Amino acid sequence: MKFPWSVPVDMELIYELPRWALQLSEGFFGRELGGWIYTLVKTLILIVCIVAPLMGAVAYLTLWERKLIGWMQIRLGPNRVGPLGLLQPIADGIKLFLKEIIVPTGSSKGLFVLAPVMALGPAFAAWAVIPFSPEVVLADINAGLLYLTAMTSLGVYGVIIAGWASNSKYAFLGAMRSAAQIVAYEISMGFALVVVLMVSGSLNLSAIVNAQGRGLFADLGLTFLSWNWLPLAPMLVVYFVSGVAETNRAPFDVVEGESEIVAGHMVEYSGMAFALFFLAEYANMWLVAMLTVILFFGGWQAPVDWPILAWVPTIVWLLAKVVCVVSMFLWFRATFPRYRYDQIMRLGWKVFIPVTLVWLLIIGIWIQTPWNIWN
């Protein structure tokens, strides 16, 4: 199928470019060293191709948040900086970059500076195993789900270190709240991932997506009915709500608690050190939304297998689903008031963990019966 805007491209030439680059590298540096240099350069290029758009997405998610909440509250939102306010994130970034970073006198200076990096690093490192399409993934490792669990668990260290190193009671109280909250919801998220692992039979994220494209409904062209969201609906709710809590977003933002502890663990931070915590928060929002789509909504798969939609690139379906899911974070913020701390702990320990354990047992029995829909 050709379109007026399509440009003829020799696809065979594109597929041969990596092989030519490898041969050129081996010709200059020798077979062993050339292959190593080619792999290094290729990996660095792929990292830049992932991180650069992610940084842009993180910046403009702040604009989308203010615009979306503004529309919900019948107001305009940012509309002064650039056309339609599109340059607002750039203006905010320049402002934060030019502000002075103040390090409190009584703080542990090394850890104080390290904390924002510890919060942001795992949020970006986790994207190494995210498959954007059947062929586009930086590291298509078999233990991708395990790697993601490890990376997302490291983010809390940045919050705890920031609270302790600031030498402030308010910051330390916010860090302790974060530690207790993340432990409570990390367990339920882990059990939800175990259920997905059981029905998919793999820790590889690409295999998990491919497993959702099989079954009776997929054969009938109704692919969206074969995704995990339908048979694993309770796990979808647990995973997504736990993800909102893990990212410290409203209504689970007791870590910051502006009305109680004046921004919590970030109270002593300014300038770009302050901005790095917000970058980590919004990067984690994109990550949780991406994982929700991959684990429960078929990843890059089209909702229906109709020939008329065959021309749509797979990454378009993936990004459309992710934008819809990440907008739910913003909808929650505009809708729900902040929960009390005891309510948050009760939901994590007394509701989510028992629900995941019961559903784990149900799925375990289900896949052993003749009505197993995941074969």
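1. Helix α9 has 14 residues, and at 1.5 Å a residue it should span 20 Å; its end C-alpha atoms are 20 Å apart, which agrees with that expectation. The model is a predicted one, and the values in this note are computed from it.

2. Helix α9 is largely enclosed by the rest of the structure, because 11 of its 14 residues are buried. The buried residues include M235, L236, V238, Y239 and F240, and V241, G243, V244, A245 and E246 also belong to this group. The cover over the buried residues of α9 includes α6 (169-200), α11, α12 and α13 (341-366). Just after α9, N248 adopts a positive phi of about 60 degrees.

3. S242 sits in α9, which covers residues 233-246. Its relative accessible area is 0%, so S242 is buried, the cut-off being under 20%. Neighbours within four places in sequence aside, S242 is in contact with Y185, S188, M189 and F352.

4. The overall fold is helical. The protein chain contains 13 helices and zero strands. Of its 375 residues, 43% count as buried. Among contacts with a separation of 6 or more, 76% join residues 24 or more positions apart. The accessible surface of the chain comes to about 19,800 Å², and carbon and sulfur atoms account for 72% of that surface.

5. In general, nonpolar side chains tend to be buried together in soluble globular proteins. As for L205, its contacts beyond the neighbours within four places in sequence are V129, I130, P131, L145, L148, I294 and L295.

6. Helix α12 (residues 314-335) has 22 residues and reaches 32 Å from its first C-alpha to its last, close to the 32 Å expected at 1.5 Å a residue. Its buried residues include W317, L318, K321, V322 and V325, together with V326, S327, F329, L330 and F332.

7. Two loop positions may be set side by side: is each buried or exposed? L220 lies in the loop between α8 (216-219) and α9. L220 is exposed, because its relative accessible area is 58% and the cut-off is over 50%. L220 and V304 are 84 residues apart in sequence, and their C-alpha atoms lie 9.1 Å apart in space. Q301, in the loop between α11 and α12, counts as buried because its relative accessibility is 12%.

8. Residues up to four places away in sequence not counted, Q301 touches V209, N210, Q212, G213, T223, W227, W317 and K321. Two of these, W317 and K321, are among the buried residues of α12. The C-alpha atoms of Q301 and I315 are separated by 8.7 Å, and the two residues are 14 residues apart along the chain.

9. Attention may finally turn to the largest pocket, which has a volume of about 750 Å³. Its lining consists of 27 residues, and T62, D92, L96, F278 and Y282 lie nearest its centre. Helices α2 (31-72), α3 (88-98) and α11 each supply at least two residues of this lining.

How values were computed:
Residues numbered from 1 in each chain as written. Predicted model: local features only at pLDDT ≥ 70, side-chain atom pairs only at ≥ 80, totals over all residues. Heavy atoms only, no water. Helix = DSSP H or I, 4+ residues; strand = E, 2+ residues; numbered from the N terminus. Buried < 20%, exposed > 50% of the residue type's maximum accessible area, 1.4 Å probe, protein only. Contact = heavy atoms within 4.5 Å. Areas by Shrake-Rupley, 256 points an atom, 1.4 Å probe, with all protein chains shown as cover. Expected span 1.5 Å × (residues − 1). 1 Å grid on protein atoms, 1.4 Å probe; cavity = no way out; pocket = protein on both sides within 12 Å on 5 of 7 lines; lining within 4 Å. Points joined across faces, edges and corners; volume = space filled by probe spheres on them.
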